[in-house]
Structure formats: C-alpha cells, structure tokens
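Colleague: Could you walk me through reading a fold? I would like the general idea, then the case at hand.

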Amino acid sequence: MLEIQQTLRSHNYLKSACKGMLLFYRRLGVELGKSVVFQESNRETRVDVKESVRGQTIFIIQTIPRDVNTAIMELLIMAYALKTSCAKNIIGVIPYFPYSKQCKMRKRGSIVCKLLASMLAKAGLTHIITMDLHQKEIQGFFSFPVDNLRASPFLIQYIQEEIPDYRNAIIVAKSPAAAKRAQSYAERLRLGLAVIHGEAQCAESDMADGRHSPPCVRNTTGHTGLELPTGKQQAPFPGIELPIMMAKEKPPITVVGDVGGRIAIIVDDIIDDVGDFVAAAEILKERGAYKIYIMATHGLLSADAPRLIEESAIDVVVVTNTVPHEVQKLQCPKIKTVDVSMILAEAIRRIHNGESMAYLFRNITVDD
C-alpha cells in the first residue's frame, strides 16, 4: 500500500462531486493530488497542477454534475495539462459516460459519443474506467482501452437483501429494447420475466434514420432509356420504382407476462426523464402488481423527476452513486442509493499494479 501512496495520485476537481466517490481515497489509502480548477470571469476554465507528475500514472476521478458540458471541458483541460506535464499514463475514471445516448446516427445529426471519444484521446487520456455504457458497442469508438464495469451485482444484492419476499417478484422490461438486461437479472435471481409492449413506448429503433432518406426528386424532360411504361406516379428516378415502407403501428399496450399479486422490479441502465417509468408503473398496478421498484445504474433524475416519482405509483427507486443526486434524494424520499465505489476502487488498484481485470468481469456474458 505504501508504494501506491507514493506513486498513485487522484484528481477530483468538481465541487459537486458525489460524496460516494470520495470513498475511493479511503479505500485506496491515497491522498488527492494537488491541483486547482476554476472558471475565470469570462467563464473560461483554467487548470493548474500544483505538483510534479512527470513519469507518473494519474487517475482523474470525474463525476458528471448537472452542467455536463463544463464538466467535459474541465476533464479535457485537466488531461491535456497532465499530458503536457509529462505524465506517463492518464486514466479517466468516469462512472457515467456523458452523451452515451447519442451513439447512433439520427437523421442529419451526428454521433456525438464518437466525437467525445476522439476528443478525450486527443487531450491525452490513455485509458478509461466507466460503468454500464448505454450501448456496449461504444467501446469501439475509442482508440485506447476501456473497462466497462457492471453495477448489476450490487443492484442484485440490494434486491436480495432489501426487498422482503423478493422470491415473489418479477423482473420487468419497460420496453422490448430493455428485454436483454431484464432477462439477465431474471436469470440470476431465478425469477420470472415480463415485458411491456405497446403504443405508449417509444423505442430508439423507431426513430427515423437519415441514412434511409429518399433521394430528392429530379425533374426530367427527356427520355433516359430506363423508363418503363406505367400509369403510376413518377418515381424519384425514371424507370425505378422502390417498394414503399409501411409505417409502423404499435399494438395497444400489453404486458407479456403475469404480474398479478407480484412485486414488479423494472430494470434499466439510466433513469432520467421518468415519464416512461411512471407510465409503466401505472400499467403494472392496473395488471395487479402490488409494489413497484425501479432499479437503474445511473440516476440522472433531471427536471421534475423527483416530484413525478413522489406522486406516482412507484414505491422505490434504487440507483447507484455514479451520478451526484443528493438534492433529488432530499426532494423525494423514495430514492435510494447503492454504493459502487468498491468495484471502481478495485479497478484502479488492479490497473495501477498491472493485475488482471478478469476477476471484476467474472460471470459477465456478452449480453450483460
């Protein structure tokens, strides 16, 4: 442990850092590195590293507060300051990776998550430790190693220890897109599985993708040699008729699985806009579930989420401390926190000592 104390440094530079993240330093027995991060009067971010980091391995502990963009800039500038100070390795510990939902092309938008990955690499980061990426394929955006840890063992332990009569529970996916995650929980807990499907849901796959936009219509006056005689409406290109994709129409809301007289546990990776969760809870209550739990890794809980949860049929919302949510807990006593600093601290220790990370991923399958 003495060797780690002499060589390992952690930089926590956000004033609103989650209290749970401070457990890193107690678990590892290290002190914070000396650095100052502040905003000037014109809102520009400035970083000053107050000690030598030449040839050292630096871990930047970064929790994402409400001001996501400022936090990202602070992380980039901190990493670049350490790079120019000749740090040997710069490892970012980012429990919740921001912009992870923007990992697919939408119409004429962009894959912002890929952009952020490129920016972090350019700034000087050489490794990232994170938890429950929104899509596991995001790891492919990075040009350096990414350790995507899982919070499910901690949430499963909470279910087993804190939910009375959990054997009478059923794991629920609030949409077909979340079915794989729910199935993983159900198989580990030896419980049944239910899936909510219907018009109230709006899965990501239903959103329009710009790559399938039809080509613009060209006005042609002459015969191109490709036209076929037809009485139908003119196609975008003469002589070419593309099959029309029928619009989707979702069936009435249904719950696939029996939830009557059971404890319903809805699992997901992120709980931010709680509208879908509140609607799912109402449906499950109508179908006979007598208690509703929400289990999620990242509790963003933006806007009026605490008030909506308090007024809803949801009984308990359980999230980890990857994102600061102390204010939301004061506003809504239904919100409970599970500490995951243990696995993050162990990941830091293993990487620093050059040990295998396989132990942290035991029994983790491709679908988890």
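This is a predicted model: local features need pLDDT of at least 70, side-chain atom pairs count only at pLDDT 80 or more; totals for chains, interfaces and linings use all residues.

Modeller: Residues are numbered from 1 along each chain as its sequence is written, and side-chain values use heavy atoms, with hydrogens and water left out.

Colleague: What is the strand order in the open sheet of seven strands?

Modeller: Strands of a sheet pair through backbone hydrogen bonds, either parallel or antiparallel. Strands (E, at least two residues) and helices (H or I, at least four) are DSSP runs, numbered from the N terminus. Two strands pair if DSSP finds at least two bridges between them. Here the order is β10-β9-β8-β11-β12-β13-β14, with mixed pairing. β10 (254-256) and β14 (335-338) each have a single partner strand, so one side of each lacks a neighbour in the sheet. On average, neighbouring strands are turned by 25° against each other, direction ignored. Angles run from 0 to 180 degrees between N-to-C directions; axes are lines fitted to C-alpha atoms, for helices over the stretch in contact.

Colleague: How many bridges join β13 to β14?

Modeller: Four, and the two strands run parallel. V318 stands opposite K336 in β14.

Colleague: Which strands does helix α7 touch?

Modeller: Contact means heavy atoms within 4.5 Å. Helix α7 (residues 275-286) packs on the sheet and touches β8, β9, β10, β11 and β12 (291-299). Its direction makes about 170° with that of β11.

Colleague: Which residues have the most contacts inside the largest nonpolar core?

Modeller: A nonpolar core is a set of buried Ala, Val, Leu, Ile, Met, Phe, Trp, Tyr and Cys residues joined through side-chain atoms within 4.5 Å. Buried means under 20% relative accessible area, exposed over 50%, partly exposed in between (1.4 Å probe, protein chains only). The largest core has 46 residues, and I129, L149, I171, I265 and L344 have the most contacts inside it. Helix α10 (residues 341-353) gives the most to this core, with six residues.

Colleague: Is T320 buried or exposed?

Modeller: T320 is buried, with a relative accessible area of 0%. It is found in strand β13. A polar atom of the T320 side chain lies 2.4 Å from the backbone oxygen of T297. Leaving aside neighbours within four places in sequence, T320 is in contact with residues including A151, H325 and T337.

Key:
A polar contact is a pair of N or O atoms within 3.5 Å; within protein, one must be able to donate a hydrogen and the other to accept it, and residues adjacent in sequence count only if both atoms are side-chain atoms.
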